[in-house]
Amino acid sequence: MRKTTRAILPLAAALSLGLALAPGGGAVSGTRGELVEAEWAFVGGASGDAPLGVGRTLYDPAWTIELEEARVVLGAAYVFPPPAVAARWGLPFVSTARAHAGDDNLFAVNALAEHRDQVVVDALSPEPTVVGPVLAESGAASIVTVWIDAPRGALAGADGPTHGHHGWVRGVARQGETELRFEAGLRLEDTPLSQRVDRIPLGEGAAVTRGSRVVVEALASEWLQQIDFTSLLADGALEVDPDGVARPTSPHPFQQAWLIDFHDPGAFRARIERGATE
C-alpha cells in the first residue's frame with residue numbers, strides 16, 4: 001500500500017506565493033505555463049537487473065554490497081525546464097544567488113514543480129510515498145534537483161528512521177572470503193553546496209502536465225561505490241566492534257566517500273509519468 005500525503009494550495013494562494021526555489025523561499029515563478037495539479041512520488045530504485053540495494057564498489061578488487069537498510073531524508077525537490085526554454089523566457093542561465101536562494105539550482109531558473117516538506121525515502125522499498133496533488137506549472141522539463149535534509153521533529157530522534165542522520169545504511173560488504181558487516185549514518189553541513197543534488201536527468205520529452213506524477217527514485221546501490229573497503233581494513237581505519245559490525249562515525253573516510261556518491265546525480269533517478277487527466 002502506498003503512503004500518501006495531501007498537499008494542495010488554493011489557487012489564489014498559489015498565485016500570490018508563486019513557486020519558490022529553495023526551502024524557506026518565496027519567489028514568484030519565472031515560468032510561463034498553465035497552473036495544473038500534479039503529484040510527487042518518492043521510492044526506492046534498482047540499478048540494472050540487480051535487486052534493490054545490491055551494488056559494487058569501483059575499486060579493484062571490487063566489493064559486493066548488500067544493503068539491509070538504506071534511507072535518506074529529503075527536504076525539497078524541484079523540476080526545472082530545459083535550457084532552451086528558459087532562454088526563450090529571457091532568463092539568465094547562470095548560477096546566481098538571489099533573495100530566494102536561486103543558487104539552489106545551477107541554472108538560476110525557477111521551478112516548474114516543487115515539493116517542500118520532509119519525506120523519508122526508504123531506498124529498499126518498491127512502495128512509493130506519494131505527495132499531492134500540488135499545484136505546478138505545465139511545460140517541458142529537463143532536470144530534477146533534490147535537497148538532502150537534516151531530520152526534524154519526530155524524525156530527528158535516535159530511534160527515527162535515519163537515527164537522527166541525513167542518511168542511514170546498514171548491510172554487508174563481501175570480497176572473496178572476506179565479509180564485513182557495517183552500519184553508519186551521514187550528517188551533512190548545513191549549506192546548499194553540501195545538501196543539494198543537481199542535474200538528475202528526466203529524459204527526452206519529459207513535461208509537467210495536468211495530473212502528471214514526478215517520480216524520484218533513490219538508488220541505494222550507487223551510494224557506497226567510492227568506499228575502498230580493502231584499504232580501510234588494511235590501514236586499520238575501519239574498526240570492527242566485538243559483535244562483528246563496523247560502525248564508522250563522521251568524520252571518517254567511509255562517510256567522506258559516501259558523500260561523494262550522494263552528490264552524484266546517479267544516486268537518484270527521476271522521471272515524469274503522464275497523468276490520466278491530460
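Reader: What share of the 278 residues of the protein chain counts as buried?
Author: In this predicted model, burial is judged by relative accessible area, and a residue counts as buried when that area is under 20%. Applied to the 278 residues of the protein chain, this gives a buried share of 50%.

Reader: Among contacts between residues at least 6 apart in sequence, what percentage joins residues at least 24 apart?
Author: The protein chain has five helices and 16 strands. Among the contacts between residues at least 6 apart in sequence, the share that joins residues at least 24 apart is 81%.

Reader: How is the aromatic pair of Trp 63 and Phe 229 classed, as stacked, tilted or edge-to-face?
Author: A search of the whole structure finds 10 aromatic pairs. For Trp 63 and Phe 229, the ring centres lie 5.4 Å apart and the planes make an angle of 35 degrees. Planes under 30 degrees apart would count as stacked and those over 60 as edge-to-face, so the remaining class applies, and the pair of Trp 63 and Phe 229 is tilted.

Reader: How many residues apart in sequence are the parts that this pair ties together?
Author: Trp 63 lies in the loop between β3 (54–56) and β4 (64–80), whereas Phe 229 belongs to helix α4 (residues 229–234), so the pair ties together parts whose separation in sequence is 166 residues.
Trp 63 counts as buried, at a relative accessibility of 4%, and Phe 229 is buried too, with a relative accessible area of 0%.

Reader: Which helix holds Phe 254, the partner of Phe 229 in an edge-to-face pair?
Author: Phe 229 and Phe 254 pair at 6.3 Å centre to centre, with 75 degrees between the planes. Both Phe 229 and Phe 254 are buried. Phe 229 sits in helix α4, and Phe 254, 25 residues away, sits in helix α5.

Methods
Residues numbered from 1 in each chain as written. Predicted model: local features only at pLDDT ≥ 70, side-chain atom pairs only at ≥ 80, totals over all residues. Heavy atoms only, no water. Helix = DSSP H or I, 4+ residues; strand = E, 2+ residues; numbered from the N terminus. Buried < 20%, exposed > 50% of the residue type's maximum accessible area, 1.4 Å probe, protein only. Contact = heavy atoms within 4.5 Å. Phe/Tyr/Trp six-rings, centres within 6.5 Å; stacked < 30°, edge-to-face > 60°.
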